[in-house]
Amino acid sequence: MQQAVGRTWSPMAMEAGNPYAMPPPAQKSRKETVKNALSLWGRKVGEATRKAEDLSRNTWQHLRTAPSITEAAVGRIAQGTKVLAEGGHDKIFRQAFSAPPDEQLRKSYACYLSTSAGPVMGVMYLSTARVAFCSDTPIPYEAAGGDRTEWSYYKVAIPLHRLRAASPSASNLKPAEKFIQLVSVENHEFWLMGFVNYNSAVMHLQEALSGFRNLQA
């Protein structure tokens, strides 16, 4: 077919009066596209930087919580090696607390449990049925009668249906020192501190508690 001389084909002309023709999308200018891409990149970098700063600050606070920073660092490395050797936190959790097959581990967090003898380094476990803590290493204690010293892992386990509150808090004098207070329905209190991922621990604890209550309602 011979094209008419002096006429230019235009998609807009083709669309006029044609209900089946779809107009082409509006094209952004190159300058606007680059500006939007840089803005998105800047937001992502800013968010990643804030997360890295929080992780660095929390890790430093985690190590400072122990009586010895060096021992805390070595202990954390040893715990990481143990987790790899034993097949992950899930297997360690099941072995430590004899969890049944239908109980699923949701999250695990390196932290400390406050005790009368001082902070105990370990891991907080959050499952579909309970929140628990187990020390990284066995803790010495006096056996019945006080005539000898024995060693055992320090463990705490609160079923979610017996957990009344999981409340975040911070020291008034040292705001970097953050805690999570666990309170059972019998008003037994447990204080966890020195979290490497504090905000995540608070969020998932409160979500688990809220979700469990909704199921019971």
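**Reading strands, a hairpin and a buried glutamate**

Modeller: Let's start with a turn: β8 and β9 form a hairpin with 4 residues between them, and Asn187 in that turn has a positive phi of about 70°. Please keep in mind that this is a predicted model, where local features need pLDDT of at least 70, side-chain atom pairs count only at pLDDT 80 or more, and totals for chains, interfaces and linings use all residues. Residues are numbered from 1 along each chain as its sequence is written, and side-chain values use heavy atoms, with hydrogens and water left out.

Colleague: How many bridges pair β8 with β9, and in which sense?

Modeller: First the terms: helices (H or I, at least four residues) and strands (E, at least two) are DSSP runs, numbered from the N terminus. Two strands pair if DSSP finds at least two bridges between them. Here, β8 (residues 178–184) and β9 pair in the antiparallel sense over 5 bridges. Leu182 stands opposite Phe190 in β9, and Phe179 stands opposite Met193.

Colleague: Which residue of β8 is the bridge partner of Ala166?

Modeller: That is Leu182. Strand β7 (residues 163–170) runs antiparallel to β8, joined by 7 bridges. As for β9 (residues 189–193), 2 bridges join it to the antiparallel strand β1 (residues 105–113), where Leu113 has Leu192 as its partner.

Colleague: How many residues of β8 are buried?

Modeller: Buried means under 20% relative accessible area, exposed over 50%, and partly exposed in between (1.4 Å probe, protein chains only). In β8, 6 of its 7 residues are buried, leaving the strand mostly covered. Helix α4 (residues 89–97) has buried residues too: Ile92, Phe93, Arg94, Ala96 and Phe97. Just after α4, Ser98 takes a positive phi of about 50°.

Colleague: Where does Glu103 lie, and is Glu103 buried or exposed?

Modeller: Glu103 sits in the loop between α4 and β1, and Glu103 counts as buried because its relative accessibility is 4%. Contact means heavy atoms within 4.5 Å. Leaving out residues up to four places away in sequence, Glu103 touches Phe93, Arg94, Ser127, Thr128, Ala129 and Arg130.

Colleague: With which side chain does the side chain of Glu103 make a polar contact?

Modeller: With that of Ser127, at 2.5 Å. A polar contact is a pair of N or O atoms within 3.5 Å; within protein, one must be able to donate a hydrogen and the other to accept it, and residues adjacent in sequence count only if both atoms are side-chain atoms.
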